[in-house]
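Dear colleague,

Please find below the structure that I am handing over to you. My notes on it follow directly after.

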There are 2 protein chains.
Amino acid sequence: MKCEIMTIGTELLLGLINDSNAPYIARKLAEIGIISSKKSSAIDDVDVISEQIKTAVKQNDILIITGGLGSTHDDLTREALAKALSKELVFQPKIAASIEQKVKCLERPVSGLIQKQAYLPEGSEPIMPAIGTAPGIRFERNRKAIFALPGVFSEMKLMLEEEVIPFLKNRLPKKRKIVLIRAIKTAGEGELLIEERIKEIIDKYSNPSISILPYPGEVHLQIVAEGYQNETKALVARVEGELGESLGNLVYGYDEDTLEKVAGDLLKKHELKISLVESCTGGMLSNRMTNTPGSSAYFWGGVVAYSNEIKRKLIGVSGQDLLKHGAVSAQVALAMAEGGRHLMQTDVSLSVTGIAGPTGETEGKPVGLVFIGLAWREGSFCERFQFFGTREEIKTKASQAALNLLRLFLLDTFEKTGSEVS
Amino acid sequence: MKCEIMTIGTELLLGLINDSNAPYIARKLAEIGIISSKKSSAIDDVDVISEQIKTAVKQNDILIITGGLGSTHDDLTREALAKALSKELVFQPKIAASIEQKVKCLERPVSGLIQKQAYLPEGSEPIMPAIGTAPGIRFERNRKAIFALPGVFSEMKLMLEEEVIPFLKNRLPKKRKIVLIRAIKTAGEGELLIEERIKEIIDKYSNPSISILPYPGEVHLQIVAEGYQNETKALVARVEGELGESLGNLVYGYDEDTLEKVAGDLLKKHELKISLVESCTGGMLSNRMTNTPGSSAYFWGGVVAYSNEIKRKLIGVSGQDLLKHGAVSAQVALAMAEGGRHLMQTDVSLSVTGIAGPTGETEGKPVGLVFIGLAWREGSFCERFQFFGTREEIKTKASQAALNLLRLFLLDTFEKTGSEVS
């Protein structure tokens, strides 16, 4: 089954915005066995888009278009699709009603939206949006299928997963080759040491292949297997097992897992409340912690103690410690964690103090120096880190290290796993 | 001058990671007049990459490669480039010394890095990295130039801007056509209302073109002009003036500006200290505020008052208000701002309380309902918002609205601009 992914938007071609849609669609298609998809782009021009649609439909069985379904003058996918198919745009009362209901609470004019988004090429089926107002479009002719999805990633993603992929899966033969992708996520070591540790496993296998993807503060291992469904599952499971054994507690999760989700799950499981006291991460740690739905079950609150006055007056760090050791010191990190635990009355408190840069370094304290403290009922401890990168990278790496320190503390203290690797 | 941008990495082709490099490079090239660049990708295989490099060099004057310069087994750009050019990889003591110095403070083995990254194809010039350890590569032959840059965006960006673009600019004729891109950034209205307001201006011009790009909580207008340097400047300036007049205070900034930077600059200019009290944004607002270098001049600190206990005991919100009106209410938003201002002793305090979802809605209080409060020496006020989207989108939109409310308050109160549009 041949497929083309077409992204619409002058901005994409000029490099003014990034395209997250085409890679995501390519991956989801690969997972059901539609492997090498062609990718193309078109500028916001009805004639250009409609010509490109005609060519793509000739050469492919499936065409997935994203973008150009919004409500401004340069959203032209509906018109271009109608033109390419030689169909009229017809009014769809069902869509109009849904848009009206959605924007009611916005107390804003709805006419512009309806005039654009409630019209679809004759003979096409709307894909009703769960979020946003723009409906997607499905059109079928001569066993070929065209999908037009919104350009907004979250809206596109929902329609792709709930409508397009199930529809295509139904059309594919039951027994077919697919690509199975599994991510193993590690934290605590850089890519070089991870590679040294798993080199033998990497060299042993060609299918699945194993790639090492470094991110700020974590390293992912991407296992990619090709073959029939059951084959790939077994192939991935074996490699996953070997990698897990060799990496031990460095592995924090899989696929969609995040460090904040994994650490949060451990807090929830052991019914622990946490508070955070941040200086150089400036709220990033709290922000990440609260990205997990339901985090209010364990995240009690945080203080962004950016100025020394807040550290002193609100958290209770002693003025003497601040003077003698400086705000970026093990003593102050410990005092922040202990003070935060006392102030917010939680089981655990985690603190971060450091120099995010680009300025602020003093003698013996370079940009990227970070201390992370943790206090709980039996005491407190602190670790020192040296990070490199831009201001945002240092903030990210510090928040990663703090979450990983929390994860390892919770595992060691409350789960007594025997699998830690020395 | 013909140019190809080649991204290296199996993950890119399979859609496992997004490519931010090629769009950024395309934009920077367009800005100096190298307009339609070809884009290609190659998997991590020495033969495949080297064949693609050979073809690209035949067809183009410039080849810019990104990725594959790291230190793991699937970083193969150096080897592939050497093969394509029929050159040996030779040891560069200067690079080895620089890597050694950089990783000294990491207290980690340096040999793996040096073994990979200190070898360059004979006759090529290293581009020394300002951040990271991977050097870039420049190779010239027969008036053609090849650049290999790291795949890490921040490392690639620095080398592109400081080495590649100046090098290419020198080669181009002084008088040439370029693309001038200018972004006008607005906050406070959706894309539909923005478009209604500037429709006449959009219809009046074809060069420059004006596109409307919606983002969570803000709308950008992208002005794209083609022509000779001075022409494009004048074209953009005229359209920019007209748009600015029609949009008034909806415009918060230009190009690289962010709401947090603009609001922060106003605080700094008027020597005001701010504190933040966040509930549903969970630290995102503080995190954004501290992304601006030097924000410690005006950002004193913040409390993430996620639980009602923290709101009550730490911020001083009355238990009666919480019971009677609920945590998501105008009363509590006001009490949070006032309490935060008192607790942290700042000139201004900004508060956010709302329902980020996906669960947590109660009767009359849907997901996305958010109250934003502001307290200062002369009193306090509060605004009510209803946002739509995923949990992260609602958090983002709430933090955008809070920063914009702060910006407008500062403009109205301390700048007395006469340009506000009714």
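In chain B of this predicted model, helices α8(B) and α9(B) are roughly antiparallel to each other, a term used for angles over 145 degrees, while those under 35 degrees count as roughly parallel, 65 to 115 as roughly perpendicular and the rest as oblique. Helix α9 covers residues 229–247 of chain B, and its axis lies 10 Å from that of α8(B) at an angle of about 155°. Axes are lines fitted to C-alpha atoms, for helices over the stretch in contact, and angles run from 0 to 180 degrees between N-to-C directions. Helices (H or I, at least four residues) and strands (E, at least two) are DSSP runs numbered from the N terminus.

On the α8(B) side, B:R197, B:I198 and B:I201 meet B:V239, B:E242, B:L243, B:S246 and B:L247 of α9(B); contact requires C-beta atoms, placed from the backbone, to lie within 7 Å. The residues of this contact divide into 5 nonpolar, 1 polar and 2 charged. Here Ala, Val, Leu, Ile, Met, Phe, Trp, Tyr, Cys and Pro count as nonpolar, Asp, Glu, Lys and Arg as charged, and the others, Gly among them, as polar.

Chain B also holds an open, antiparallel sheet of 4 strands in the order β10-β11-β9-β12, where pairing requires at least two DSSP bridges between strands. β10 (209–215) and β12 (251–254) of chain B stand at the edges with a single partner strand each, so one side of each has no neighbour in the sheet. Strands β9 (residues 177–186) and β11 (residues 218–228) of chain B pair over 10 bridges in the antiparallel sense; B:T186 has B:V219 in β11(B) as its bridge partner. Helix α8 (residues 191–204) of chain B packs on this sheet and touches β9, β10 and β11 of chain B.

In chain A, the axes of helix α10 (residues 259–269) and helix α15 (residues 391–415) come within 9 Å and cross at roughly 30°, which makes α10(A) roughly parallel to α15(A). Among the residues that meet there are A:L266 and A:L267 in α10(A) and A:L406 and A:L410 in α15(A). This contact between α10(A) and α15(A) comprises 8 nonpolar, 2 polar and 2 charged residues.

Finally, a note on conventions. Residues are numbered from 1 along each chain as its sequence is written, and chains are lettered from A and ligands numbered from 1 in the order in which they are written. In this predicted model, local features need pLDDT of at least 70 and side-chain atom pairs count only at pLDDT 80 or more, whereas totals for chains, interfaces and linings use all residues.

Yours sincerely

Terms used
Two residues are in contact if their C-beta atoms, placed from the backbone, lie within 7 Å.
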